[in-house]
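Keep the viewer open as you read.

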Amino acid sequence: MVLSSPDMEEWFNILDAETVDTPALVVYPERVRRNLAQLVASIDDVGRLRPHIKTHKCPDAVRLTLAAGITKFKCATIAEAELLGQCQVPDALLAYQPVGPKAARFIALLRQYPATRFACLVDHPQAAAQLSALAGAAGQTVRVYLDLNVGMNRSGIAPAVAFALYQQCAALPHLAVLGLHAYDGHIHDEDLAVRTARCHAAFAPVGALAEELRAAGFDPVIVAGGTPTYPVHAARAGVECSPGTFIYWDGGYGRAFAEQPFAPAALVLCRVVSLPDATRLCLDLGHKAVASESPLDKRVTFLNAPELRVVGHSEEHLVVEAGPGHGYQLGDLLYGMPHHICPTVALHDRAVTIENHRVAGAWPTTARARALTL
């Protein structure tokens, strides 16, 4: 058994953990600040940073990001965009093509939060035309980026055929086309050299399109990448970079991308709630408390009990193999590092904050909701 005691100095240890009901998401703000400082130090111009808030969805984390000198942000939902408006960030890109009612909600954002310069993605002429019409009716102009499919095969238009759509969007009366968006989330090779080569290959058509657009008199801004390819794009002159997971980090990225200097800043806290047999423990860390899209062995690692092996998972329970003579008891506290922090955060309406090894307060996960006021 490798449980920590209250007087041990591990960075994650919580001296008054008995006051925290579990399962709980816990965040260490000082480590968040350090991750932000690492990000700023890793690029030549802070103006090239456009971090994604999908990982934290939290106004407190947004404010720390602003305090670090970062003024551009990316998000994926109207609720996340509205959170950025409420925080009065200068520049926010909704990395999504708003269609149907979502398009009307996006136009409402422009009216309600005029201090924030909002933009969104488009990849189809029908969506572009709808946005222009809605914007015109509201007396607004919508800023857009063309969403390019560079291998993710999820959304976006192929760079080779995007020039015509860029021209179409530029001709619409109530759109302002700012540039290109290229998310390469399919590239996550552990070998940095392989990841770099794949990233360059995926970006090559984007660069060619940008040159074609410049020759035609346009001046496209390029927003590219996520956390895995961040080091590659950070070294690429003039490209805006959009890492997200860096701010909290997690077990999956920590193992895969060891060249990046970020540290875990958020964990899930849980307890032993049952001893079903001589070798197994049952913990209060079910599907509803930690992301469960990965195989059992890639869901959570316990920092103070790394030998535990996950053998079962259900809505409210996680069963682990501890081995014979393990010594664990009911109520024992475990500090879990999620394999994937982003969907884990979305399962919790707040994060308990830990400062100087003690509970300091809570950060709300405000934008886990589908809608705030709009």
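Start with Asn 153, which counts as exposed at 62% relative accessibility; here exposed means over 50% relative accessible area, buried means under 20%, and partly exposed is in between, with a 1.4 Å probe and protein chains only. Asn 153 sits in the loop between S5 and helix H6 (162-171). Helices (H or I, at least four residues) and strands (E, at least two) are DSSP runs, numbered from the N terminus. The phi of Asn 153 is near 55°, a positive value in a residue other than glycine.

Before going on, a word on the ground rules: this is a predicted model, where local features need pLDDT of at least 70 and side-chain atom pairs count only at pLDDT 80 or more, while totals for chains, interfaces and linings use all residues. Residues are numbered from 1 along each chain as its sequence is written, and side-chain values use heavy atoms, with hydrogens and water left out.

Gln 88 is another residue to look at for its backbone: its phi is near 55°, again positive without being a glycine. You'll find Gln 88 in the loop between H3 and S3, and with a relative accessible area of 58% it is exposed. For a glycine with positive phi, go to Gly 69, which follows H2 and has a phi near 95°. There's also a cis peptide bond, joining Thr 22 and Pro 23 with omega at about 0°. Pro 23 belongs to the segment before strand S1 (24-27).

Now for the helices. H2 (residues 59-67) has Pro 59, Ala 61, Val 62, Leu 64 and Thr 65 as its buried residues. Their cover includes helix H1 (29-41), strand S2 (72-75), H3 and strand S16 (358-364), where contact means heavy atoms within 4.5 Å. H4 (residues 101-112) has 12 residues and reaches 17 Å from first C-alpha to last, close to the expected 16 Å; that expectation is 1.5 Å times one less than the number of residues. In H4, Ala 103, Phe 106, Ile 107, Ala 108, Leu 109 and Leu 110 are buried. Those residues pack against helix H3 (78-86), strand S3 (91-94), strand S4 (117-122), helix H5 (125-137) and strand S5 (142-148).

Which strand holds Thr 353? Thr 353 lies in S15 (residues 350-355), and at 4% relative accessibility it counts as buried. Leaving out residues up to four places away in sequence, Thr 353 touches Val 27, Pro 29, Arg 358, Val 359, Ala 360, Gly 361, Ala 362 and Trp 363. Thr 353 and Trp 363 are 10 residues apart in sequence and 6.7 Å apart in space, C-alpha to C-alpha.

Zooming out, the chain's secondary structure comes to 10 helices and 16 strands. Its radius of gyration is 22 Å, close to the 21 Å the globule rule gives for 374 residues, so the chain is as compact as a globular protein of that length. That radius is taken over C-alpha atoms, and the rule is 2.2 Å times the number of residues to the power 0.38. Along its principal axes, the C-alpha trace spans about 70 × 45 × 35 Å. Of the 374 residues, 52% count as buried. Among contacts with a separation of 6 or more, 70% come from residues 24 or more positions apart.
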